[in-house]
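Here are my notes after a first pass through this one. Have the structure open while you read, and go through the points in order.

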Amino acid sequence: MKLNNLNDLFIHELKDIYNAEKQITKALPKMMKEASSPQLKKAFEMHLAETETQIERLEKVFELMGKKASGEKCKAMEGIIKEAQDMMSENADSDVMDAALIASAQRVEHYEIAGYGTLCTYAKQLGHTEVLNLLHKTLEEEKATDLKLTDIAESKINIKAEHKQK
């Protein structure tokens, strides 16, 4: 796809984030399985359901743009998920693993926040008001997930991991 204008770039970025979300739906169940904290497992479970809704929302965005919902291989998300998988293969104490899982999940969230923030900026610039509203809703959900993960980490997980035997 040749990128001739901002709209072309917007569609390209939509395909990237669509693929990223699809990758996340495959990674989250593995992270849920690896997590030992019930609170963290529940957060991952809730975010998986939310991610599936976000994919549906992106499919609506593609429809509004008159495009077929399809993904452009998101190599950045592929790398972030690969790092998370590498971390999950480490021999780690369960509380330390939970802290590592949160760190990995927040890397995912930060990538998504950057992606959706950019998409919102482009949608606004291009005058795609309905699309902007859909993308902004997802952006706010991603920010809320990041804050929730921070709260879980700071209120319990990191403290438990810190006090493990040295």
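1. A word on the annotation before anything else: UniProt positions are given here in the numbering used for this chain, feature names are shortened, and an annotation may be inferred rather than shown by experiment. Keep in mind, too, that this is a predicted model.

2. With that said, the UniProt record, an unreviewed entry, places a "coiled-coil region" at residues 41-68. What does the chain look like over residues 41-68? In the model that stretch is 86% helix and 0% strand, with its end C-alpha atoms 34 Å apart.

3. The largest pocket comes out at about 230 Å³. Its lining is made up of 18 residues, and the closest to the centre are Ala43, Met46, His47, Glu50 and Thr145.

4. Which helices supply at least two residues each to that lining? Helix H1 (6-34), helix H2 (38-64), helix H4 (94-126) and helix H5 (129-162) each do. By residue type, the lining divides into twelve nonpolar, two polar and four charged.

5. Now have a look at Glu109, in helix H4. Buried or exposed? Glu109 counts as buried, because its relative accessibility is 2% and the cut-off for buried is under 20%. Leaving out neighbours within four places in sequence, Glu109 is in contact with His47, Glu142, Thr145, Asp146 and Leu149. His47 and Thr145 came up already, among the residues closest to the pocket centre.

6. Last stop, the loop between H1 and H2, where Ser36 lies. Ser36 counts as partly exposed, since its relative accessibility is 35%. What does the side chain of Ser36 make a polar contact with? The partner is the side chain of Asp98, at 2.8 Å. Beyond four places in sequence, Ser36 is in contact with Lys41, Ser94, Asp95 and Asp98. Ser94 is 58 residues from Ser36 along the chain, yet their C-alpha atoms are separated by 6.1 Å.

Technical notes. Residues numbered from 1 in each chain as written. Predicted model: local features only at pLDDT ≥ 70, side-chain atom pairs only at ≥ 80, totals over all residues. Heavy atoms only, no water. Helix = DSSP H or I, 4+ residues; strand = E, 2+ residues; numbered from the N terminus. 1 Å grid on protein atoms, 1.4 Å probe; cavity = no way out; pocket = protein on both sides within 12 Å on 5 of 7 lines; lining within 4 Å. Points joined across faces, edges and corners; volume = space filled by probe spheres on them. Nonpolar A, V, L, I, M, F, W, Y, C, P; charged D, E, K, R; others polar. Buried < 20%, exposed > 50% of the residue type's maximum accessible area, 1.4 Å probe, protein only. Contact = heavy atoms within 4.5 Å. Polar contact = N/O pair within 3.5 Å; in protein donor to acceptor, adjacent residues only side chain to side chain.
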